[in-house]
Amino acid sequence: FGLPSFHPWQLEAVEQLVNGTRQVLVVAPTGGGKSLCYQFPATELPGTTIVVSPLIALMEDQVRRLEERSIPATWLSSTLGAKERRERLRGMFNGRYKLVYIAPERLSLDWMLDSLGQIRPPLVAIDEAHCISQWGHDFRPDYLRLREVLEALKPDHVLACTATATPMVRDEIIRLLGLSHEETTVVLRGFARPNLHLVVEELDSSPRRRRAMLEGLRRSLGSPSSPAGAALVYAATRRNVDRTADLVRKEGYRVAGYHAGMDGDERAEINRRFAGGALDVVVATNAFGMGIDRPDIRAVIHIQAPGSIEAYYQEVGRAGRDGQPAEGLLICSSSDFGLRKRLIESGNE
């Protein structure tokens with residue numbers, strides 16, 4: 001992997017996973033290096049490791065990075081064409097890959113579970129494990145099948161990892177996966193991010209909020225002609241995403257809006273362009289960002305209050321992954337809380 005050493009907590013997780021309890025829950029900050037805790041053991045263990053991952057963009061990004069290191073990997077999801085899916089499955093059965101990433105909804109298919117049973121994976125890794133907990137901020141019903149999956153596959157090694165898990169959520173993850181509290185090692189990394197400068201501005205006027213957002217972008221990125229990195233801007237509604245993206249575009253930055261109402265191919269293309277440096281700014285609802293691993297994000301700006309403290313921690317943690325100074329600017333107003341209440345009660349994004 002081209003790294004001189006593990007962080008101490010990574011080494012603890014890997015040693016426990018391979019030679020210790022063999023059941024590990026890792027809780028570490030966004031961008032802290034959790035994926036190495038299963039990617040490295042996967043290269044050392046015999047056979048093919050299965051990684052459960054909730055987002056196609058995240059799977060694509062990690063597979064691309066593994067292939068750049070000459071580690072054979074692939075991913076499976078419902079978005080693949082039938083021919084491509086058959087080819088990747090054939091490669092999996094033939095032992096072509098060290099890691100196979102699978103979206104959780106694929107595991108609800110009995111034939112898929114039977115197929116995975118045939119390759120007898122030595123390790124099953126569950127990324128974004130907080131998605132299994134109804135107490136978490138990003139519950140995904142498909143994750144509830146994972147206990148069944150582990151019982152059927154009986155892997156010798158199980159790793160679950162997340163960036164946001166309160167003690168209640170940690171207990172839920174272990175229980176719902178069918179793991180033993182006594183036999184599961186929990187590895188907690190400190191959550192301090194000293195390179196992030198967090199600022200809160202309470203502004204009730206919409207023009208003042210927009211002005212503060214643009215000032216934050218200019219402060220962090222500099223000139224649109226030669227920006228110092230990238231930025232994420234989070235809004236609570238799709239309409240505000242579109243409106244804000246237009247404002248940023250008029251400033252001259254390369255920008256795209258992103259929300260769950262967009263076509264899947266269009267969203268995947270925005271992910272690729274942002275990860276590859278073709279976009280300076282993405283304005284998005286909370287639908288964007290999980291698994292995004294662009295190191296030079298210099299600012300994460302919220303122009304409306306996020307849905308929860310945990311959601312804010314996850315989102316602002318995407319800034320400054322290269323260890324260089326970055327800013328988290330939270331612009332909020334008293335009206336945000338009423339808006340969040342309406343969004344929760346409506347059940348919509």
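Helix 3, spanning residues 56–68, contains 13 residues and stretches 18 Å from its first C-alpha to its last, close to the 18 Å expected at 1.5 Å a residue. The expected span here is 1.5 Å times one less than the number of residues. Helices (H or I, at least four residues) and strands (E, at least two) are DSSP runs, numbered from the N terminus. The structure is a predicted model, in which local features need pLDDT of at least 70 and side-chain atom pairs count only at pLDDT 80 or more, while totals for chains, interfaces and linings use all residues. Residues are numbered from 1 along each chain as its sequence is written, and side-chain values use heavy atoms, with hydrogens and water left out.

Several residues of helix 3 are buried, namely Ala57, Leu58, Met59, Glu60, Asp61, Gln62, Val63 and Leu66. For these labels, buried means under 20% relative accessible area, exposed means over 50%, and partly exposed lies in between (1.4 Å probe, protein chains only). What do the buried residues of helix 3 pack against? Their partners are helix 2 (36–44), strand 3 (73–76), strand 4 (99–102) and helix 10 (264–275), where contact means heavy atoms within 4.5 Å.

After helix 3 comes Ser70, located in the loop that leads from helix 3 to strand 3. Most residues other than glycine have a negative phi. The phi of Ser70, however, is positive, near 65°. Ser70 is also exposed, at a relative accessible area of 66%. A second case is Lys154, which is not a glycine but has a positive phi of about 50°. Lys154 sits in the loop between helix 6 (146–153) and strand 6 (157–162), and its relative accessibility of 63% makes it exposed.

Attention now turns to a pair of helices. Two packed helices are described by the angle between their axes and the distance between the axes. For helix 4 (residues 82–93) and helix 5 (residues 110–119), the axes come within 9 Å and cross at roughly 30°. Helix 4 is therefore roughly parallel to helix 5. On the helix 4 side the contact is made by Leu89, Met92 and Phe93, and on the helix 5 side by Trp111, Met112, Ser115, Leu116, Gln118 and Ile119. Sorted by class, this contact has seven nonpolar, two polar and no charged residues. The axes are lines fitted to C-alpha atoms, for helices over the stretch in contact, and angles run from 0 to 180 degrees between N-to-C directions. Angles under 35 degrees count as roughly parallel, over 145 as roughly antiparallel, 65 to 115 as roughly perpendicular and the rest as oblique. In the classes, Ala, Val, Leu, Ile, Met, Phe, Trp, Tyr, Cys and Pro are nonpolar, Asp, Glu, Lys and Arg are charged, and the others, Gly among them, are polar.

Side chains of opposite charge can pair when their charged atoms come close. A salt bridge is a side-chain nitrogen of Lys or Arg within 4 Å of a carboxyl oxygen of Asp or Glu, and by this rule the count comes to 17 salt bridges. One of them joins Arg249 and Asp246 (2.8 Å, N to O). These two are three residues apart in helix 9 (residues 238–250), so about one helical turn separates Arg249 from Asp246. Arg249 is partly exposed at 40%, and Asp246 is partly exposed at 40%.

Another salt bridge links Glu269 and Arg272 (3.3 Å, N to O), which both lie in helix 10, three residues apart. Glu269 is partly exposed at 37% and Arg272 is partly exposed at 41%. Where does a salt bridge tie together parts that are 24 residues apart in sequence? Asp322 and Arg298 form such a pair (2.9 Å, N to O): Asp322 lies in the loop between helix 11 (309–316) and strand 13 (326–332), and Arg298 in strand 12 (residues 297–302). Asp322 is partly exposed at 32%, whereas Arg298 is buried at 11%. Salt bridges with shared partners also join Glu60, Glu269 and Arg272 into one network.

Two buried residues complete the picture. Ala236, in the loop between strand 9 (230–234) and helix 9, is buried at 5%. Ala236 and Thr285 are 49 residues apart in sequence but 5.7 Å apart in space, C-alpha to C-alpha. Thr185, in strand 7 (residues 185–188), is buried at 13%.
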